[in-house]
Amino acid sequence: MTTAIAGATATSVDDIPFNPHKRDYKKAGIIVAFCVIPVTLLVVFTYWPFIQMCGYSFYKMKYIGTPRFIGMKNYIDIFTRPELLATLKLSLYYMAGALIQVALALYLATVLAFHVRGGSFFKGAMFFPYLINGIAVGFIFKFFYTRGYVLDTVLQWCGFTQDTLPYWLRDQSINNWSLVASSIWRYLGSTLILFIGAIMSIDSSLYEAAEIDGANKWQQFKHIILPGIQTILC
């Protein structure tokens, strides 16, 4: 009887499956500890100021005196006063520039993520403008767009005459696009590096299987790269 019970006990213990993924509380604690500082900085310097600004939007702010609560009046003024609505429309230029920047960065990242001759040089050259101080970038493009300077000289080499070229920063029909182009030039590198990192994290065996199945580069981009970097794009 005792032997039978001991055998049953041994059998039941042996039948318990071994869990190779035992929770490592020490590792989880280290991960949480490392995340505390960046998450705190993100909340303090990004989300909390954003919440505060949303609250201020319901007040009439004064340099002297106490702010006065006015409800939705600020929002109504933005969409009903033409002079305020015109300034809001300027953001559409930069929205279009952001779409161009993402599309261009995605194309270049798709090319540079694989073995390309001189790829490291191009990655560094494209990322370098992101490291330049904003004031320096302003001076660079001030002389770049000045009448008769860099851009006008290059266009004259291409056959244009200076009389037919616009004033890139003075002409109101084109100056916003000039500023958008300078913004794309500066921030393209950071977006490019993010896309390259995401593309390189995709398992290379997927590309090999796609080539064996006869998929071309566009099909690989559509069905492998885009789903693989969806979290970065969104």
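A residue counts as exposed when its relative accessible area is over 50%, as buried when that area is under 20%, and as partly exposed in between. Cys158, with a relative accessible area of 59%, is therefore exposed. The model described here is predicted. Its chain has 234 residues, of which 21% are buried, and it contains eleven helices and two strands.

**Overall make-up**

- Along the sequence, the elements come in the pattern α-α-β-β-α-α-α-α-α-α-α-α-α.
- Of the contacts between residues at least 6 apart in sequence, 51% link residues at least 24 apart.
- The chain has an accessible surface of about 17800 Å², and carbon and sulfur atoms account for 69% of that surface.

**Cysteines**

- There are zero disulfides in the structure.
- Cys54 has a relative accessibility of 31%, so this residue falls in the partly exposed class.
- Cys158 stands at 59%, which is over the 50% cut-off, and so belongs to the exposed class.

**The largest pocket**

- The largest pocket holds about 300 Å³ of space.
- Its lining includes Tyr107, Thr110, Val111, Phe114 and Val116. Tyr207, Glu211, Lys217, Trp218, Gln220, Phe221 and Ile225 also belong to the lining of this pocket.
- Three helices each give at least two residues to this lining: α4, spanning 82-112, α9, spanning 204-212, and α10, spanning 217-228.
- Helix α10 supplies the largest share of the lining, with five residues.
- By type, the lining of the largest pocket has eight nonpolar residues, two polar ones and two charged ones.

**The second largest pocket**

- About 260 Å³ is the space in the second largest pocket.
- This pocket is lined by 13 residues, and those closest to its centre are Ala113, Phe114, His115, Met200 and Tyr207.
- Helices α5 (119-131), α8 (175-200) and α9 each contribute at least two residues to the lining of the second largest pocket.
- The biggest contribution to this lining, three residues, is that of α5.
- Eight nonpolar residues, four polar residues and one charged residue make up the lining of the second largest pocket.

**Thr191 in helix α8**

- Thr191 sits in helix α8.
- The relative accessible area of Thr191 is 14%, which is under the 20% cut-off, so Thr191 is buried.
- With neighbours within four places in sequence set aside, the contacts of Thr191 are with Gln101 and Ala105.

**Ala125 in helix α5**

- Ala125 is part of helix α5.
- Ala125 has a relative accessible area of 37%, a value between the 20% and 50% cut-offs, and therefore counts as partly exposed.
- Ala125 and Gly189 are 64 residues apart along the chain, and their C-alpha atoms are 8.3 Å apart.

Technical notes: Residues are numbered from 1 along each chain as its sequence is written. This is a predicted model: local features need pLDDT of at least 70, side-chain atom pairs count only at pLDDT 80 or more; totals for chains, interfaces and linings use all residues. Side-chain values use heavy atoms; hydrogens and water are left out. Helices (H or I, at least four residues) and strands (E, at least two) are DSSP runs, numbered from the N terminus. Buried means under 20% relative accessible area, exposed over 50%, partly exposed in between (1.4 Å probe, protein chains only). Contact means heavy atoms within 4.5 Å. Accessible areas come from the Shrake-Rupley method with a 1.4 Å probe; for residues, only the protein chains shown count as cover. A disulfide is a pair of cysteine sulfur atoms within 2.5 Å. On a 1 Å grid over the protein atoms alone, a cavity is a set of points where a 1.4 Å probe fits but cannot get out, and a pocket is an open set with protein on both sides within 12 Å along at least five of seven lines; lining residues have an atom within 4 Å of a point. Grid points are joined across faces, edges and corners, and a volume is the space filled by probe spheres set on the points. Ala, Val, Leu, Ile, Met, Phe, Trp, Tyr, Cys and Pro count as nonpolar, Asp, Glu, Lys and Arg as charged, and the others, Gly among them, as polar.
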